[in-house]
Amino acid sequence: MANWALEARDLFKAYGEGKRRVEILKGASFKVAAGERVAIVGASGVGKTTLLHILGTLERPSAGKVFHFGEDVFALSERELSLFRNRRLGFVFQFHHLLPEFDALENVMLPALIAGEPPSRARERAREVLEKVGLSGRFHHRVGELSGGERQRVAIARALVMNPPVILADEPTGNLDVRTAREVTDLLLQINETYATTMVIVTHNPELATRMERIFGLSDGKVIELPKDKPWPWTSESS
């Protein structure tokens, strides 16, 4: 049996009630092996981000279960979930969500400080991971002094600082030019291959998706595995 890092089992998610009820997920199920990197693709508005948020315990499903390395995460209390997110998950978003009043080092330190690390240890962790993503010379640059690619590298470093076994990324190259997007893609692949970090990446970028080991499509509330050697069904969304 495979060592499943993530398992979504029969997930349903709906918003609103009565005539305003909108069903987003309708029995979505899939599994990701430990150390595997996968992409989730689909047309805009089908619920890819919602699915990623549920995998990351940022939202609860209306029904269904999510397992991380065999653990039913929504059986945890809210406090336990908060600790789980901090120590076991790394998040990378399209809009990096860095704090502009802090420099790169301070932004990356935050998860370690939240986890209760002493400031000296949090700073050491942050310096190490910023060096790993190629930003050793940018420790004390504030967000406004960094390029778009550098900001995303800081966001990736922040996701890595607690050495989580799983990284969840939502359109990590969505706001980048082609060259910078390729650099960020290369960095994500390097992290996966060097540290065996499991990665689930929501993307509209065909180049990024095809460099993953598997591609899942989300359509009509369900997840299907897609062949890598054929065009996506959502051509207009994938250009």
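Predicted model: local features only at pLDDT ≥ 70, side-chain atom pairs only at ≥ 80, totals over all residues.
Visitor: What is the mean pLDDT of the protein chain?
Guide: The mean is 87, and 95% of the residues reach 70 or more. pLDDT is the predictor's confidence in each residue, from 0 to 100.

Visitor: Where is the pLDDT below 50?
Guide: Over residues 235-239. Beyond near neighbours in sequence, that stretch has six contacts in the model (contact means heavy atoms within 4.5 Å).

Visitor: New topic: how many aromatic pairs are there?
Guide: A search of the whole structure finds two. Rings of Phe, Tyr and Trp (its six-membered ring) pair if their centres lie within 6.5 Å; planes under 30 degrees apart count as stacked, over 60 as edge-to-face and the rest as tilted.

Visitor: Why is the pair of Phe30 and Phe216 called tilted?
Guide: Their planes sit at 50 degrees, so the pair is tilted, and the centres are 5.0 Å apart. Phe30 is in strand β2 (residues 22-33) and Phe216 in strand β9 (residues 214-219), 186 residues apart, so the pair links distant parts of the chain. Helices (H or I, at least four residues) and strands (E, at least two) are DSSP runs, numbered from the N terminus.

Visitor: Are those two buried or exposed?
Guide: Phe30 is buried at 7% relative accessibility, and Phe216 is buried at 4%. Buried means under 20% relative accessible area, exposed over 50%, partly exposed in between (1.4 Å probe, protein chains only).

Visitor: And how do Phe91 and Phe93 pair up?
Guide: They're stacked, 6.1 Å centre to centre with 5 degrees between the planes. Phe91 is buried at 17%, while Phe93 is partly exposed at 22%.

Visitor: Which residues of helix α2 are buried?
Guide: In α2 (residues 78-88), Leu81, Phe84 and Asn86 are. The buried residues of α2 pack against β4 (63-68), β5 (71-72), β6 (89-92) and α3 (104-114).

Visitor: What does α3 pack against?
Guide: Its buried residues pack against α2, α4 (119-132) and α5 (148-160). Among those buried in α3 are Leu105, Val108 and Met109.

Visitor: What comes just after α3?
Guide: Gly116, which takes a positive phi of about 95 degrees.

Methods:
Residues numbered from 1 in each chain as written. Heavy atoms only, no water.
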